[in-house]
Amino acid sequence: MSIPLDFETLRILWWLLLGVLLIGFALTDGFDLGTAAMLPFVARTDEERRMVINTIGATWEGNQVWFILGGGAIFAAWPFVYAVSFSGFYLAMFLVLSALILRPVGFKYRSKHPDRAWRERWDWALFVGGFVPALVFGVAVGNVMKGIPFRLDSDLRAFYEGSLLGLFTPFTLVTGLLSVAMLVLHGAGWLSLKAEGVVLERARRWGQAAAVLALLLFAAGGLFVAWGGLGYRLDGVVDPGGPSNPRFSTTVAEGGAWLRNYGAHPWMLLAPLLGFLGPVLALLGIRARRDVLVFAGSSLANVGIIATVGLSMFPFILPSSIDSLSSLTVWNASSSHGTLFTMLVVTAIFLPIVLAYTAWAYRVMFGRVTAQDVRTNPDFY
């Protein structure tokens, strides 16, 4: 059977779909993480904290679908990327998963006992479950842009030569804190739509601080990329429809190379523009008390910042910092032609279903969570 799309086109489509899934995760589960990271600070009484928890309590499990879809897409479409990232970042992933496990336990067990100390400990567990993944995800992105210390041997076996502490450098801490600021801003945008009273006012103040930090950290990250010696480029002739073998292409480290795509394709500048415009819109929304504008601004910030990383690095997905013949790109790290096409058909069928039931769930759960709801609804956490 002939495949109607060529290999190059399918690779680009799956690169785009991976970006869509990552952005979908940030837009949905991102505000869950941001809200949890603010929990001990925007809510001080038990009733206030129950209000905050129940703004995300009805949808957080469904939002994690995007996280699972993203991991599944990497596994099926980019097997080399999956093998290197999940083995090399094993301890970091274990840290993230441990923190994420605290969320369902915290939601289910927090209100099972009326003791104040019991509930406060679970509140801090929920904070860890929001803050740690947000930080580690950002640190991981920074390391990807810096280059990962891995190599592939002649049999394409991956060997990671880094360490957990080695993941934390000045640049990766900037990207990690940017991720936290971005998601806290998104959480503040969500609470602007879902909370009321003093919780809403505190969320607005935290949102202001997060928006300013996101702007400063995004600018600092850009300066690192421009003048910090970061970047890689492919050397020689590259066949976009060639075999999936990283050792057939050569990578050269070159400072400032992550900015080359913007010169070649000026339309890509829309991504960093949205990355700056989003926090500004959120700030304006907070000042004007336009809650929809706050959430729209935080959403644009997520889209712009994530898209900036992807467009800056294209066609790289995981560059190697220690072996010029091991970097993984859109052109050399994908599954086979037939696999990509089959998965594209499956995605075309099921992704609209995921979007439809997600939209339906948010419509059903639309509206603010009030103190009266918390007092009278036995199904609330």
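**Entry 1: Pro 40**

A helix here is a DSSP run of at least four residues, numbered from the N terminus. I note at the start that I am reading a predicted model. With that, I looked up Pro 40 and found it in helix H1, residues 7-42. Is Pro 40 buried or exposed? Buried means under 20% relative accessible area. Pro 40 has 9%, so I logged it as buried. I then listed what Pro 40 touches, leaving out residues up to four places away in sequence: Arg 49, Asp 123, Trp 124 and Phe 127. I also took one distance. Val 144 is 104 residues from Pro 40 in sequence, and their C-alpha atoms are 32 Å apart in space.

**Entry 2: H4 against H13**

Next I turned to helix H4, residues 65-77, and helix H13, residues 337-364. Their axes are 12 Å apart, and the packing angle is about 175°. That angle makes H4 roughly antiparallel to H13. Which residues of H4 meet H13? I wrote down Val 65, Trp 66, Leu 69, Ala 76 and Ala 77. On the H13 side I found Thr 339, Leu 340, Met 343, Leu 351, Val 354, Leu 355 and Tyr 357. I sorted this contact by class: 11 residues are nonpolar, one is polar and none is charged.

**Entry 3: H11 against H12**

I moved on to helix H11, residues 270-288, and helix H12, residues 291-313. The two pack at about 165°, with axes 7 Å apart. Why do I call this pair roughly antiparallel? Angles over 145 degrees count as roughly antiparallel, and H11 and H12 therefore qualify. I noted the crossing of H11 past H12 as left-handed. The residues of H11 in this contact include Gly 275, Gly 278, Leu 281, Ala 282 and Gly 285. Among those they meet in H12 are Gly 297, Leu 300, Ala 301, Gly 304 and Thr 308. By class I recorded 15 nonpolar residues, seven polar ones and no charged ones for H11 with H12.

Arg 289 is not a glycine, yet its phi is positive, about 60°. Its relative accessibility is 48%, so Arg 289 counts as partly exposed. I found a positive phi at Leu 156 too, near 65°, again in a residue other than glycine. Where is Leu 156? I placed it in the loop between strand E1 (150-152) and strand E2 (158-160). Leu 156 is partly exposed, with a relative accessible area of 24%.

I looked up Asn 261 and found it in helix H10, residues 260-264. With a relative accessible area of 15%, Asn 261 is buried. What does Asn 261 touch, not counting residues up to four places away in sequence? I listed Met 268, Leu 311, Ser 312, Met 313 and Phe 314. One of these, Leu 311, is also in the H12 side of the contact with H11. For Phe 314 I have a distance: its backbone oxygen lies 2.9 Å from a polar atom of the Asn 261 side chain. I then followed the chain from Phe 314 to Pro 315, where the peptide bond is cis, with omega about 5°. Pro 315 is in the loop between H12 and strand E5 (316-318).

Methods:
Residues are numbered from 1 along each chain as its sequence is written. This is a predicted model: local features need pLDDT of at least 70, side-chain atom pairs count only at pLDDT 80 or more; totals for chains, interfaces and linings use all residues. Side-chain values use heavy atoms; hydrogens and water are left out. Axes are lines fitted to C-alpha atoms, for helices over the stretch in contact, and angles run from 0 to 180 degrees between N-to-C directions. Angles under 35 degrees count as roughly parallel, over 145 as roughly antiparallel, 65 to 115 as roughly perpendicular and the rest as oblique. Contact means heavy atoms within 4.5 Å. Ala, Val, Leu, Ile, Met, Phe, Trp, Tyr, Cys and Pro count as nonpolar, Asp, Glu, Lys and Arg as charged, and the others, Gly among them, as polar. Buried means under 20% relative accessible area, exposed over 50%, partly exposed in between (1.4 Å probe, protein chains only). A polar contact is a pair of N or O atoms within 3.5 Å; within protein, one must be able to donate a hydrogen and the other to accept it, and residues adjacent in sequence count only if both atoms are side-chain atoms. A crossing is left-handed if the near helix is turned anticlockwise from the far one by less than a right angle, and right-handed if clockwise.
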